Amino acid sequence: MKLTRLFFAILSFAVSNLAFSVEPIVIKFSHVVAPNTPKGKAAQKFKELAETYTAGRVKVELYPNSQLYKDREEMEALQLGAVQMLAPSLSKFGPLGVREFEAFDLPYIFPNKETLYRVMDGEIGKKLFAKLETKNIVGLAYWDNGFKQMSANKPLRKVDDFKGLKMRIQSSKVLDAQMRALGASPQVMAFSEVYTALQQGVVDGTENPVSNFYTQKMHEVQKHLTISDHGYLGYAVITNKKFWEGLPKDIRGELEHAMKEATVYERDIAQKENDESLAKVRAAGTTEVYVLPLKERQAWYKVLLPVHKEFEDVIGKDLIYGIYTVAAQVEKEKAGKK
Ligand code: LMR
């Protein structure tokens, strides 16, 4: 009898220790925007779903607003395994050596979101993610933000209005060429430094979807915002390959499930977030909002379109023409429905 009691005492001690020793798997998810943005809210949604679907075996720690790493540092931190998940802008993969992502930066290349989502979720998106594998990175999803608008402390209506302006851009050679085509002088700068640089006049203007413009309070330091939809800003949700492939299969499956649902949610809210931010900018009354009329948009388009050809060798003519083909297919389907 004594032996049995001893056996169960040892067993219960072992089990209770086992319970304590199974620490959750921690995913540090770092990003550079405010929590109340499409990416910020989607990261929160992913956290909730991932922790629920894995029954707490995974814990997601969110680090928004460049709290943990700024633009330049975050990609390296991921490759080293210091963080496990990021969602950098598609404009920020050039320094990694994967310049093809800059196809998303080509001015006026996406006529609508339908074309964009088909490119992201189709063959082109898959091929781009495959290029990350050699960098110890796995692409998990494409998230949306929106079309970009231009801002400065002077009206930006005609192409000549950009002459000599110092315009902040992300680390993308296509965006460098875009600003030069407009006669401006591009300045690569981390997102976290933009507000101060605008406030101090280090740069004169910038471009971003309105959700970023508003949540970074750029309306406080930019008198003019032109709704031009001249380019696009979206994200690749990425993870460290070694970390991801080292996860238990069932955990990885649940995280993929959570990511899929978070992506549907993210795309549902992206346009609404940008519309709401634009309404708040208008309500703030600090920034004159100018919607570029067709005639002026055509003048921008004329000077910007040559950037596509300029980057055929770098991005790949097939990739660029692949996007044109998707756009034409979407147009054909729309016409067929009329
Ligand atoms: C920027 O740097 O302007 C954007 O990439 C920030 C972001 O992640 O939306």
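Student: Which residues line the second largest cavity?

Tutor: Keep in mind as we go that this is a predicted model. The second largest cavity is lined by F104, L106, Y108, I109, F110 and F147, together with D229, G231 and Y232.

Student: Which strand gives the most to that lining?

Tutor: That is strand β8, which covers residues 224-240 and supplies three residues to the lining of the second largest cavity.

Student: And how do the residues of that lining divide by class?

Tutor: The lining of the second largest cavity has seven nonpolar residues, with one polar and one charged residue besides. The space inside this second largest cavity comes to about 40 Å³.

Student: How many cavities of 30 Å³ or more does the structure hold?

Tutor: There are two cavities of that size in the structure, and the largest cavity has a volume of about 80 Å³.

Student: Now the ligand itself: which residues come nearest to it?

Tutor: There are 13 residues around the ligand, and the nearest of them are K39, K92, R168, Q170 and Y235. Sorted by class, the shell around the ligand has five nonpolar, four polar and four charged residues.

Student: Which polar side-chain atoms lie 2.7 Å from an oxygen atom of the ligand?

Tutor: In the side chain of K39, an N or O atom is 2.7 Å from an oxygen atom of the ligand, and a polar side-chain atom of Q170 also lies 2.7 Å from a ligand oxygen atom. For N212, the distance between an N or O atom of the side chain and an oxygen atom of the ligand is 2.9 Å. As for cover, the ligand on its own has 270 Å² of accessible area, and the protein covers 100% of that area.

Student: Changing topic, how much space lies in the largest pocket?

Tutor: The largest pocket holds about 390 Å³ of space. It is lined by 17 residues, and those lying nearest the centre of the pocket are L140, A141, M259, K260 and T263. The elements that each give two or more residues to this lining are α4 (113-121), α5 (123-130), β4 (137-152) and α10 (249-284).

Notes
Residues are numbered from 1 along each chain as its sequence is written. This is a predicted model: local features need pLDDT of at least 70, side-chain atom pairs count only at pLDDT 80 or more; totals for chains, interfaces and linings use all residues. Side-chain values use heavy atoms; hydrogens and water are left out. A residue is near a molecule or strand if one of its heavy atoms lies within 4 Å of it. A polar contact is a pair of N or O atoms within 3.5 Å; within protein, one must be able to donate a hydrogen and the other to accept it, and residues adjacent in sequence count only if both atoms are side-chain atoms. Accessible areas come from the Shrake-Rupley method with a 1.4 Å probe; for residues, only the protein chains shown count as cover. Ala, Val, Leu, Ile, Met, Phe, Trp, Tyr, Cys and Pro count as nonpolar, Asp, Glu, Lys and Arg as charged, and the others, Gly among them, as polar. On a 1 Å grid over the protein atoms alone, a cavity is a set of points where a 1.4 Å probe fits but cannot get out, and a pocket is an open set with protein on both sides within 12 Å along at least five of seven lines; lining residues have an atom within 4 Å of a point. Grid points are joined across faces, edges and corners, and a volume is the space filled by probe spheres set on the points. Helices (H or I, at least four residues) and strands (E, at least two) are DSSP runs, numbered from the N terminus.
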